[in-house]
Every structure is written in structure tokens, then in C-alpha cells.
Amino acid sequence: MLNLKDAGLLRQQCYINGEWLDADNGETIAVTNPATGEVLATVPKMGVAETRRALQAAEQAFKQWRKKTAKERSVLLRKWYDLMMAHQDDLATLLTAEQGKPLAEAKGEIAYGASYIEWYAEEAKRLYGDVIPQPANDKRVVVIKQPIGVCAAVTPWNFPNAMITRKAAPALAAGCSMVVKPASQTPLSALAIAVLAERAGIPAGVFNVVTGSAAAIGGELTGSDIVKKFSFTGSTEIGRQLAAQCANTIKKVSLELGGNAPFIVFDDADLDAAVEGALISKFRNAGQTCVCANRIYVQAGVYDAFAEKFAAAVNRLQVGNGMEAGITQGPLIDQNAVLKVEEHIADAIAKGGKVVAGGKRHALGGSFFEPTLVTGVTADMKVAREETFGPLAPLFRFETEEEVLGYANDTEFGLASYFYARDIGRIWRVSEGLEYGMVGLNTGIISNEAAPFGGVKQSGLGREGSKYGIEDYVEIKYLCMGGIDR
Ligand SMILES: NC(=O)c1ccc[n+]([C@@H]2O[C@H](COP(=O)([O-])OP(=O)(O)OC[C@H]3O[C@@H](n4cnc5c(N)ncnc54)[C@H](O)[C@@H]3O)[C@@H](O)[C@H]2O)c1
Ligand SMILES: O=C[C@H](O)CS(=O)(=O)O
């Protein structure tokens, strides 16, 4: 079982209005370790009634939470951050156990998730309004920002800590309260975040976690008029559905959805740096991140050299249980994820692709899969249009800058993109030409709390992180004062 220094971080109940509760009917959902298949714990299978009570608690708590000064909220968020970092090892152990990523990556996610709480503990005090030069001498115009109200969040399994704090931190900093539904595969990280919120002194009802039936809970979160802001991170398919469910109550909606990131290597790139960047962008979390390189385009003049170097690097990846030292790739989340990777590999081979590394399920069995590199990939293959969300690196060859920009932008997605080059003119032309919310230039890792993370096209709406990320949690109101000249 889990060897936690602080056993209190492992919770098997939901956190609603400051209480730890079972489902009304006592039903539970098992949480399993994707590396071993063992059952780690169970969590409540809650539904509409419990979710409604959580929203009512959040509504009541909002009334007092919004009245705290920004500085008072900032102090509590900072305590939450300090506790998260103090318990980084235990939180990482819980995360690796339920999600599978290597422990080093899990520790990195805890620090990354905590950094959003740290950032918004500071940003809370800088949520400024405006004084607008009066349009007439008898008037004065002032803009103020007020918390939007009760917020709801639905989050994915691949980053079970950071995808929650990236929403809860700006929400609470702005003076809002929140109800979170984590993915059923990875609820333990969410409940541990709630433990630390409670210990930090964040008042009952301000932060709530409900686990259970996604459709039932999601239906209440998107349908209830108590919820003024709905934030979703997950697939584009589900995001469309939930955004539509929010329409009846005209909620403010933010969506962090699927990606299909191009990773472009030009012939003036630093090839070793490009190999390093492609490796981490593609294989972080076993390829299960929304910003993973999904298509790797290499200019013809350096294609063979890059392919050789990259194949050697892919073959050095170590597959195994993320709890073990030296492991750099854990299991995929489930068998469906394995089937998706196999489907993309088979399709690529059938249409002329060549497997030069990996290519099949790992000898460890279960949902372990060999890190895979396929060359000779073309635009007619599934891997060019669909998000693989697994350890498959497809190499495409291109000749010109104009050609590769056309390939890169030929998708309904627009989240992350990457390219390696050193010519300053090319850097500006390609950066401005890529139709994505984020561009990684000579780096494969772009995510941080100071930057506005988000996508365009069908990769989402809104931004998370940075000064921009808190704006989705406030309403702007202007005061027009007359009679000033009397
Ligand atoms: N843009 C980003 O920041 C970002 C971050 C992480 C993951 N993602 C995307 O998420 C996907 C993988 O995550 P996933 O498999 O958890 O996605 P998913 O859409 O299947 O599930 C996401 C969340 O939605 C819930 N959900 C599913 N169906 C629902 C319904 N009918 N009603 C209410 N809730 C429902 C799930 O329980 C989970 O909590 C990938 O497409 C990935 O690109 C995007
Ligand atoms: O998978 C989606 C996450 O947003 C990835 S990241 O850790 O923020 O880059």
C-alpha cells in the first residue's frame, strides 16, 4: 500500500461544506493503480443530491468569503501553498499511485500546481479597477471588479493536481467559492488538496470536492443557476457537450480542451537541442498531456540526422512502475489508451510509415507501451489529424517554411505548437503564422504559472495562469456618478 508520511492526506470521502462525507446511498468507486492494477482506495459515488448540497454550501460560503479583504484571502492562499510544498513528497506518491507518471514528474506537477496558488495569492492583491476620464464634467466613471460568484470545475486525470489548482487558485483569490469534480480515475489528489485547504484555514464551503457519476454531477454543475462560472479541462468532445449544457443559464465558461501540437525542426536548428525538446514534449507523462508534440515535422536537409539521433534517445527511455527509481515512462491510464496508440501505429504502417523504435505493447504487460517512433509519416494518416495521447512520435518530412506552416495549421485544434530555428526572420514569421494559443520556440516545455495557458479554435476558450487567468473569475461593473458639477 501507500507509504505516506502523513496518512491524513489519503481520504476516501468527499469534502463538502467543511465535512468529510460518504455518498447518500453509501455507494463507492474503486481507485486503481494503473501500473499494478491494485485497488488503492474507494471514493464516494455521489450524484445530483450531494452536488446540489455542495453548491448550496458554496453559495452560502461565498457571501462571507467575498467580504474578506484581498490581503486576508492572499494570506490563506499562501498558507495553502506552503502546506502543499511541505507535503510535496506525499502528494506526489498519491499522484503516481493513481495516475502512473514517474515520481519525479509527479513531484514536478505538485510544485507546478502549487505555483498557481502562490501566483494568485499575490495576484489577489492586484485585481485593480479603472478610473476613466469623464466624458462630461458633471460625471465621473469608475470601473470596479467583483467576484463572479460560485464556480464549478470539472478536471481530467492526466494532471490531477495542477488542473485543479489552476482553476481554484484564481477563483478563490478573486473571492469566489468553488465545487470541483475530479476525474474518477484520479480523485485522491483532489481530496488531498482539500485536506490542505482545510488545514490552511480556508473556510468551510469555499472549496468543495465531489466525486462520483460524471454525467449526474456534471449535469447539476452545468444546469444549476447557482453556478455563475463553469471551467472545464478535458477532451474537446466532452467540452462541447458541457458548454452546451451551460447555455440555458448563460454561465461564463472556460474550456481547456484537446490538442494536436506540431513540433517543427528547421534546417538551421540546434539538432541536439531539438532532439531533447522533442523527447520531453512528446514523452512527458507517457505522451498523455494536452500539449504533447503530436506531429513532428523535420526539414528535408536534417531529416535523416534528426531521425537517427531521436531514435537513439527514444530507445534510452526506461518503461516501468513510476514509483521505481530511474523510470522515465510509466503505464498509460487504461486499455483504451493503449488501443488508441495501436490504432494510430497500425494505420501509419498500412499507409507507408516505418517503425524505427518501439511499436508494440511493453513486455511488462498491462497498459505499459513501448516508446515508439515512426518515420515516413504523411498527412493522410490518422496520427496527423487525431490526438494520440500516448507514446507515439510520428516524423513528417517537409521542404519549405510555407509548406510546413500549411501542414501545422491544417487542424481544428490550436493549443500548443513548437519550433526550433535560429534565423530571426524565420522566428518572427513562423511565430506569427502558427494558429495556436501557445508557441514554444527552441524549447519543448512551455507551461508555467506566469504565462496565459490556453488554446484557440477547438482547443478551448479563455486562459489559465498569469494576470489574464483571474479575469475569468470577476465581473466588471462601472459606476457613473452624476451631479459632480453642482
Ligand atoms: N487544454 C488543457 O489544458 C488540457 C489539460 C489536460 C487534458 N486535456 C485534454 O483532456 C483529454 C484527456 O483527459 P480526459 O480523458 O480526462 O478527458 P475527458 O473529457 O474524458 O474527461 C475530463 C473530465 O470530464 C468528465 N466527464 C466526462 N464525461 C462527462 C459528462 N458527460 N458530464 C460531465 N463530466 C464528464 C470526466 O469525468 C473528467 O473529470 C485530452 O483530450 C487532453 O488533450 C486538455
Ligand atoms: O495536459 C495538460 C496540461 O495542461 C499539461 S501542462 O503540465 O500544463 O503542460
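The radius of gyration is taken over C-alpha atoms, and the globule rule is 2.2 Å times the number of residues to the power 0.38.

**Figure 1. Overall view of the predicted chain.** With 486 residues, a compact globule would have a radius of gyration near 23 Å. The chain has 23 Å, so it agrees with that rule. Along its principal axes, the C-alpha trace spans about 75 × 60 × 40 Å. The chain holds 14 helices and 20 strands. Buried residues account for 53% of the 486 residues.

**Figure 2. The shell around ligand 1.** This view takes in the 28 residues around ligand 1. Pro156, Gly218, Gly234, Glu256 and Cys290 come nearest. By class, the shell has 14 nonpolar, 11 polar and 3 charged residues. Domain 1 (7-257) and domain 2 (262-441) each supply at least three residues to the shell.

**Figure 3. The shell around ligand 2.** Seen here are the residues that surround ligand 2: Asn158, Phe159, Ala162, Thr289, Cys290, Val291 and Ser447. Cys290 also belongs to the residues that come nearest to ligand 1. The shell around ligand 2 divides into 4 nonpolar and 3 polar residues, with no charged residue. At least three residues come from each of domain 1 (7-257) and domain 2 (262-441).

**Figure 4. The mixed sheet of 7 strands.** The sheet is open, and its strands follow the order β14-β15-β16-β13-β12-β17-β18. Its edge strands are β14 (354-357) and β18 (438-441), and each pairs on one side only. On average, neighbouring strands are turned by 25° against each other, direction ignored. Strands of a sheet pair through backbone hydrogen bonds, either parallel or antiparallel. One parallel pair is strand β12 (residues 261-265) with strand β17 (residues 416-420), over 3 bridges. In that pair, Phe263 has Tyr418 in β17 as its bridge partner.

**Figure 5. Strand β16 and its partners.** How many residues of strand β16 (residues 392-398) are buried? The count is 6 of 7, and the strand is mostly covered. Strand β13 (residues 293-299) runs parallel to β16 and is joined to β16 by 4 bridges. Here Tyr297 has Phe396 in β16 as its bridge partner. Strand β15 (residues 372-375) also pairs with β16 in the parallel sense, over 3 bridges. For Leu373, the bridge partner in β16 is Ala393. In the sheet order, β16 stands between β15 and β13.

**Figure 6. The antiparallel sheet of 3 strands.** This open sheet has the order β5-β6-β20. The edges are β5 (130-132) and β20 (474-481), each pairing on one side only. From one strand to the next, the twist averages 25°. Strand β6 (residues 140-147) and β20 run antiparallel and are joined by 8 bridges. Within this pair, Lys145 stands opposite Ile476 in β20. In a regular strand the side chains alternate between the two faces of the sheet.

**Figure 7. The hairpin of β3 and β4.** Strand β3 (residues 28-32) pairs with strand β4 (residues 39-44) in the antiparallel sense, over 5 bridges. Across the pair, Ala30 stands opposite Thr42 in β4. There are 6 residues between the strands. Which residue of this hairpin takes a positive phi? Gly37 does, with a value near 80°.

**Figure 8. Ser254 in strand β11.** Strand β11 covers residues 252-256. Is Ser254 buried or exposed? Ser254 counts as buried because 23 C-beta neighbours lie inside 10 Å, and the cut-off is 20 or more. Ser254 and Lys229 are 25 residues apart in sequence. In space they are 8.0 Å apart, C-alpha to C-alpha.

**Figure 9. Arg385 in helix α12.** Helix α12 covers residues 382-385. Arg385 has 15 other C-beta atoms within 10 Å, so Arg385 is partly exposed. That class lies between the cut-off for exposed, 12 or fewer, and the cut-off for buried, 20 or more. Trp119 is 266 residues from Arg385 in sequence. From C-alpha to C-alpha, Arg385 and Trp119 are 36 Å apart in space.

How values were computed
Residues numbered from 1 in each chain as written. Chains lettered and ligands numbered in written order. Predicted model: local features only at pLDDT ≥ 70, side-chain atom pairs only at ≥ 80, totals over all residues. Near = placed C-beta within 6 Å. Nonpolar A, V, L, I, M, F, W, Y, C, P; charged D, E, K, R; others polar. Domains from an automatic or database assignment. Pairing = 2+ DSSP bridges. Helix = DSSP H or I, 4+ residues; strand = E, 2+ residues; numbered from the N terminus. Axes fitted to C-alpha atoms, helices over the stretch in contact; angles between N-to-C directions.
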